[in-house]
Amino acid sequence: MINDKNSQKIVDHIHNFARKHSLWVLAYGTGCGAIEIPPTMTSRYDAERLGVRGAATPRQADLLLITGYLTTKTLKRVIRVYEQMQDPKYVIGFGSCTINGGMYYDSYNTINALDRYLPVDVYINGCMPRPEAVIAGFTKLQELITAGKADGAAKYKEKLEWYRKNQKNVIPNWTMPEYNW
Amino acid sequence: MESLLYSILGVLVSLILAFTVGMTYMGLSRKITARIQNRIGPPFYQNFIDAMKLYSKSTGIHHGVMHHLGPAFIMVTSVMSLMIIPILNDSAFFTNMNFHGDLIFLLYIMTFGPLGMALGAGQTGNPNSAIGVTRGLSQMVGFEIPWVMAIIALMIRYDTSSIVDIMNIQADAGRWIMFSSPFTFIAALLAMLGMFRYSPFDIVGAPTELASGPMSENGGKYLFTMMSSSSIFAFAKLTLYVNLFMGGADNLLVLIIKTFALYMVPLLYGTVSPRYRTEQAVRYFWGWPSFFGLLAILYAVFF
Ligand code: SF4
């Protein structure tokens, strides 16, 4: 008989291989970091050779790229976009602003740590990170996917209440449903 | 009975063949586009990886029944048109389920998929989908005219509406229709540019402008279905063109060479062209392509 656990392992292995080599990116162009996405995608650095490719809508995307500071107003849209993405999904935080607020750490309308509102799988350091760093971030994410450790989406589902509490703390007029499919 | 089994088996084999070849062509097209843009580009098997990933994604979207059926409609169209297009000349295995009058049937069935897709995309309620659908249907109105004119010219000239007959005529004459009725070929070739939806005619699924249009609400397995059906359909269309204009193919290698050469036409034209607006695209097809179509019909009637 086929050992169920082992066969699942093989299937996961194949799926992870496919996921790793075909990351469709939804670049949510917040902040100044968005300007580094075009050089990453075009002929100088060519992320497509790694299977990284732009996706048009959240429904088709695997990877949400938050490129910089998030105002509370944008955060609402980002949450919506993230929840509309289909599993398995990953988030990359791009630039210092998503890590600790960066140079906007004391701004009245930006959030400081993206981690408290969305589950981030990989952070890319820098203000702003160069395309090499961005590609290093993609490679890191690929490693995590192979190891099966890029489980931000599962974490988000598990701790949804905690995330919701934080999100509602900064978004005063929460008019969305509890979960946006 | 035996022959029926043979044709069913042939359909299955040609389905797998069409899927593989179509996907490889799509992957190669990404590679070629990348090389033209001075990039390295993804490996040629990238589309298989993409397809596997899309298939492994979960899908939790529900917009209504038509939304679920939309991709299935396109798949049905692709498989049906592949079923009636003979793959190889005089092969017991690969003639598929063609019959007399299949050209007319094909003209109908090829428009069936986009219509089903339009219903599916309409139900998602996404404004991008609605715009994409209107654009797609207007573009179809554009390129269907030279395409139908070319087919009618063929039918008048050779007095048949069966693909196999046309292939046999070319084999007997020893001359491709591409050379014996050049106007027909030109009209059909120009219509093909619109059929393949590469730039400048990628107005339907313009990724940056319309967020991929009709499929903007479809992810995961739905997108997988659409992707594989468009690959199958691409192979079916290329094979049809080879059958009608380039004398068919005697073995698979010749078929692949001919279809690939034909496939380069919309692809290379696309890589050097920006996108048209909808009315420009329609006006394009109603200009020279329709003129050549008319010329082809006149030629067929009077000579
Ligand atoms: S990290 Fe620097 S470059 Fe990026 S958004 Fe913040 S301030 Fe701009």
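Me: How many salt bridges are there between chain A and chain B?

Reply: The count is seven between chain A and chain B. This is a predicted model. Searched as a whole, the structure holds 13 salt bridges over all chains.

Me: What makes A:Asp62 and B:Lys53 a salt bridge?

Reply: Distance decides. The closest N and O atoms of A:Asp62 and B:Lys53 are 2.7 Å apart. The rule asks for a Lys or Arg nitrogen within 4 Å of an Asp or Glu carboxyl oxygen, so the pair qualifies.

Me: Why does this pair join two chains?

Reply: Look at where the partners lie. A:Asp62 is in the loop between strand 2 (53-54) and strand 3 (63-66) of chain A, and B:Lys53 is in helix 2 of chain B, so the pair joins two chains.

Me: Why is the pair of B:Glu217 and A:Arg59 called a salt bridge?

Reply: Their closest N and O atoms are 3.1 Å apart. The cut-off is 4 Å, so B:Glu217 and A:Arg59 form a salt bridge.

Me: What else links chain A and chain B across the interface?

Reply: There are 17 residue pairs in polar contact, counting pairs with both residues at pLDDT 80 or more. On the side of chain A that touches chain B, helix 1 (residues 4-21) gives the most, with six residues. By class, that side of chain A has nine nonpolar, nine polar and eight charged residues.

Me: How many residues are in contact, and what area is buried between chain A and chain B?

Reply: In contact are 26 residues of chain A and 31 residues of chain B. The area buried between the two chains is about 2,300 Å². Carbon and sulfur atoms give 55% of this area. Why quote an area? Interface size is often given as the accessible area lost when the parts come together.

Me: Which residues make the nonpolar surface patch?

Reply: The patch is made by B:Ile152, B:Ile156, B:Leu294, B:Leu298, B:Val301, B:Phe302 and B:Phe303. Its area is about 720 Å².

Me: Which helices of chain B supply the nonpolar patch?

Reply: Helix 6 (127-158) and helix 14 (288-302) each supply at least two residues. Helix 14 has the largest share, four residues. B:Phe302 lies in helix 14.

Me: Which peptide bonds in chain A are cis?

Reply: One joins A:Asp87 and A:Pro88, with omega about -10°. A:Pro88 is in the loop between helix 3 (72-84) and strand 4 (90-94). Another joins A:Cys127 and A:Met128, with omega about -5°. A:Met128 lies in the loop between strand 5 (122-124) and helix 5 (131-146).

Me: What is the phi of B:Asn38, and where does this residue lie?

Reply: Phi of B:Asn38 is near 65°, a positive value in a residue other than glycine. Most residues other than glycine have a negative phi. B:Asn38 lies in the loop between helix 1 (2-36) and helix 2 (46-56) of chain B.

Key:
Residues are numbered from 1 along each chain as its sequence is written. Chains are lettered from A and ligands numbered from 1 in the order in which they are written. This is a predicted model: local features need pLDDT of at least 70, side-chain atom pairs count only at pLDDT 80 or more; totals for chains, interfaces and linings use all residues. Side-chain values use heavy atoms; hydrogens and water are left out. Contact means heavy atoms within 4.5 Å. Buried area is the accessible area (1.4 Å probe) that two parts lose on being put together, summed over both. A salt bridge is a side-chain nitrogen of Lys or Arg within 4 Å of a carboxyl oxygen of Asp or Glu. A polar contact is a pair of N or O atoms within 3.5 Å; within protein, one must be able to donate a hydrogen and the other to accept it, and residues adjacent in sequence count only if both atoms are side-chain atoms. Ala, Val, Leu, Ile, Met, Phe, Trp, Tyr, Cys and Pro count as nonpolar, Asp, Glu, Lys and Arg as charged, and the others, Gly among them, as polar. Patches are made of residues with over 30% relative accessible area and no salt bridge: like charges are joined within 9 Å, nonpolar side chains (Val, Leu, Ile, Met, Phe, Trp, Tyr) within 5 Å. Accessible areas come from the Shrake-Rupley method with a 1.4 Å probe; for residues, only the protein chains shown count as cover.
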